[in-house]
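User: I would like to go through some of the labels used for this structure and see what each one rests on. Please set the values against the cut-offs.

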Amino acid sequence: MWRLKIATGVDGPYLYSTNNYVGRQIWEFDPEAGTAEERAEVEAARQHFYDHRHRVKPSHDLLWRMQFLREKQFKQTIPPVRVEDGEEITYDKASTALRRTIHFFSALQANDGHWPAELSGDHFFLPPLVMCVYITGHLSTVFPAEHRKEILRYIYNHQNKDGGWGLHIEGHSIMFCTALNYICMRILGEGPDGGLHNACTRARKWILDHGGVTYTPSWGKTWLSILGIFDWSGCNPMPPEFWILPSFLPMHPAKMWCYCRLTYMPMSYLYGKRFVSPITPLIQQLREELHTQPYDTICWRKVRHLCAKASRTSWSKISIQSQIEDLYYPHPLIQDLIWDSLYIFTEPFLNRWPFNKLREKALQVTMKHIHYEDENSRYITIGCVEKALCMLACWVEDPDGDSFKKHLARIPDYLWVAEDGMKMQGFGSQEWDTALAIQALLASNMTEEIAPVKENPSGDFKSMHRHISKGSWTFSDQDHGWQVSDCTADGLKCCLLFSMMPPEIVGEKMEPERLYDAVNVLLYLQSKNGGLPAWERAGAPDWLEVLNPTEFFADIVVEHEYVECTSSAIDALVVFRKLYPSHRKKEIEEFISNAVQYLEDTQMPDGSWYGYWGVCFTYGSWFALKGLAAAGKTYSDCAAMRKGVAFLLQAQLEDGGWGESYLSCPTKKYVPLEGNRSNLVQTAWAVMGLIHAGQAERDPTPLHSAAKLLINSQMEDGDYPQQEITGAYKRNCMLHYGAYKNTYPLWALAEYCSQEAGRRPCPWRRAADPRPVAGGPALARRRRSHATFDFEAATLAGVRRGCRARLSPPVGRATARPWRGCPRVATSPDAARVAEPDLGEGDRGIGEGSPSRARGGPACHRQGSGRPPP
């Protein structure tokens, strides 16, 4: 059986960690593991997914959940509740449903404090890795028989009815992913007519019916050229000389979005080398199988701009944009002229003496950049697309080199196994999912488990086109090394909350200097328009997007600002300003003011906000309303908030929920789910957005209806069903976040219960009280060793007390907006009171005798925001 291993690894010549592998999650196959009953349970889960694969396409992520629940001997002891038709929802039923989901979710916490979960869903993630290890001769070593079996299972499970594969698991078939997955099946041992239910035959028919692989987009042409199924002369140029251009030019590597830069870096190296793998009998067969004419007769220069398009008969189904096969972003004429000029005039010179000396220099510089990025990510690289390319580039440079061996050691970090098979993750979302589940964080000593990046990238990082990262948090784990703005904001926010709690519960608080470093990263990243990018400071002109070399993504050339990142930063800095009022006070006030302006400026005419990292307008609207509320805006004084509330209320469905199709992302228009179905994750987003905007005070009926749906959708064990995919990126691609189905309904119910409970004292109101917590050190140790079960009691303590928080007045306002929901504190029934921190005389934003202070207490704070990424 497959087993998930947490925080495991032994430092050696090829594998090493900066934080003892905290957050690492890898799968191992143990042929002796499991009883007959456990194996039957796994097989039943696999069969159930296969039988329903066209109805619910994301996996339920069951294998590791089964493992954890067995190991912890979990049993749901809280009886289920249901709100019947016509019955008025009560606080008791809502809080019982919340308690049940907390009881279930608490058992899923890993021993290092994070929540494991898959982050996958794209069909171009895994095949290039399989191709890479096939080329390098490590296929059987990296992917033994059980691995190959599970990879094939995943490919079969997600093949569309027409025989192809989409860009993601819910997408329509496209040439790019269909060709990659067909080749993957053949490399893994399937014959031309092999595969479950003739998978290869059906896939090959789809490919040939749509013109053959000459119609694959540019990334597909690159990988096929590497394999020898295509020819490099059929690709648009990717000159490595780009990496030695002078920095004053408008198009320079330092001005590119980091993922785009780090994808085309190894691509340009392989292109400059014109690397082609050995032409094996399999490659010869694929040449015959995937082209509509003999390989030797193809005129490669004429196929450079080909890309599969939809037939006109399919355009009327939903929209032209959503039904196009591969071509989401057609290249403008100016871009094609640039490629043609490079192809006809530049490339012939650069491959002849003496200009080939320049190419040799460019290849050396490019490889220097690749090694730098590898070293600073512990050979994880920034993401899965880059992982296979950088690993192959290292092998091409030196097949026996240490760099390639270090890459091999980090492949397990990317692999994930679920009931639908083995897939490759974008990388991981450990820190992100943990920040969203901050209630669990408050039940353990997490100032170490979710440690920030402690240093900037090594050496002269600016010359390597990198930015500051010291004090930031990554999307996954510390070894990854890449700062992300909203992860940094959420990590900062968690640590600020921990600092207001007794060390007997959460351990020693983080040093102020490390908090200052995180604030410095956020302030550094803000753009002139007030918004925040995700990874690096934005600033390159938007017109450079006309040079987007891909056909299936948008907005990938330069970094952009995002509503989600901006809102998360506001949220964190408001709390920081309360606790550290003198630190960079003016800069933080200006930051918040400009960020609020950005949120107001980016609102859509219908009142919504476009969400870049989730689906889509529901997601963006929740974040925007949260950010506005954090900054002190209210429904009565903020037109943007009123319009946002109107949008959400108008989109609510008859069953009380919300349901938005992923098609909203590429079409940039709100598209409801087919059949007006509700999605529980999106319902949770909308509920929290409305609560932020004070809907409970005006008319709580929409909240009651949504809460009823969440309560009645809960499963027998306290889990929630898996529904449609809800993560997104770069407008046209989706991601499956396995933890979302638990985190967000739990969070929304907690906020709803907090509203219903009324304003009661915060459970840690008296943190300055010198009296020890009841139970002393022994109780604190027990809490940390059994954090998952303390989490249940902790969250309920926060909910039942219905605590409210008030922060110091925002910029330009005389009063503060109450924050709904407080940290769910890790306190068990035998624990006494946990109290309010002494914020000092200079931080009394609300007077001791004011009604606000009497009702709410200080500095409680809504935790965890959400942003999906690749």
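Predicted model: local features only at pLDDT ≥ 70, side-chain atom pairs only at ≥ 80, totals over all residues.

User: What makes Gln652 buried or exposed?

Analyst: Its relative accessibility is 19%. Buried means under 20%, so Gln652 counts as buried.

User: Where is Gln652 found, and which residues does Gln652 touch?

Analyst: Gln652 lies in the loop between α26 (639–651) and α27 (664–667). Leaving aside residues up to four places away in sequence, Gln652 touches Gly657, Trp658, Pro702, Ser705 and Ala706.

User: How do you know that β6 and β7 pair?

Analyst: Strand β6 (residues 415–418) and strand β7 (residues 421–424) share four bridges, in the antiparallel sense. Pairing needs at least two bridges, so the two strands count as paired. A hairpin of two residues joins β6 to β7, and Trp416 stands opposite Lys423 in β7.

User: How do the axes of α7 and α11 lie, and what is the hand of the crossing?

Analyst: The axes of helix α7 (residues 175–187) and helix α11 (residues 281–290) come within 11 Å and cross at roughly 145 degrees. The crossing of α7 past α11 is right-handed. Tyr182, Ile183, Arg186 and Ile187 of α7 meet Leu282, Gln285, Leu286, Glu289 and Leu290 of α11. By class, this contact has six nonpolar, one polar and two charged residues.

User: Which residues of α11 are buried, and what do they pack against?

Analyst: Buried in α11 are Leu282, Ile283, Leu286, Arg287, Glu289 and Leu290. The buried residues of α11 pack against α4 (126–136), α7, α8 (199–209) and α9 (218–227).

User: What puts Arg287 and Glu289 on that list, given that Arg and Glu count as charged?

Analyst: The label rests on accessible area, with buried meaning under 20% relative accessible area. Arg287 and Glu289 are both among the buried residues of α11.

Key
Residues numbered from 1 in each chain as written. Heavy atoms only, no water. Axes fitted to C-alpha atoms, helices over the stretch in contact; angles between N-to-C directions. Left-handed = near helix turned anticlockwise from the far one by under 90°. Contact = heavy atoms within 4.5 Å. Nonpolar A, V, L, I, M, F, W, Y, C, P; charged D, E, K, R; others polar. Buried < 20%, exposed > 50% of the residue type's maximum accessible area, 1.4 Å probe, protein only.
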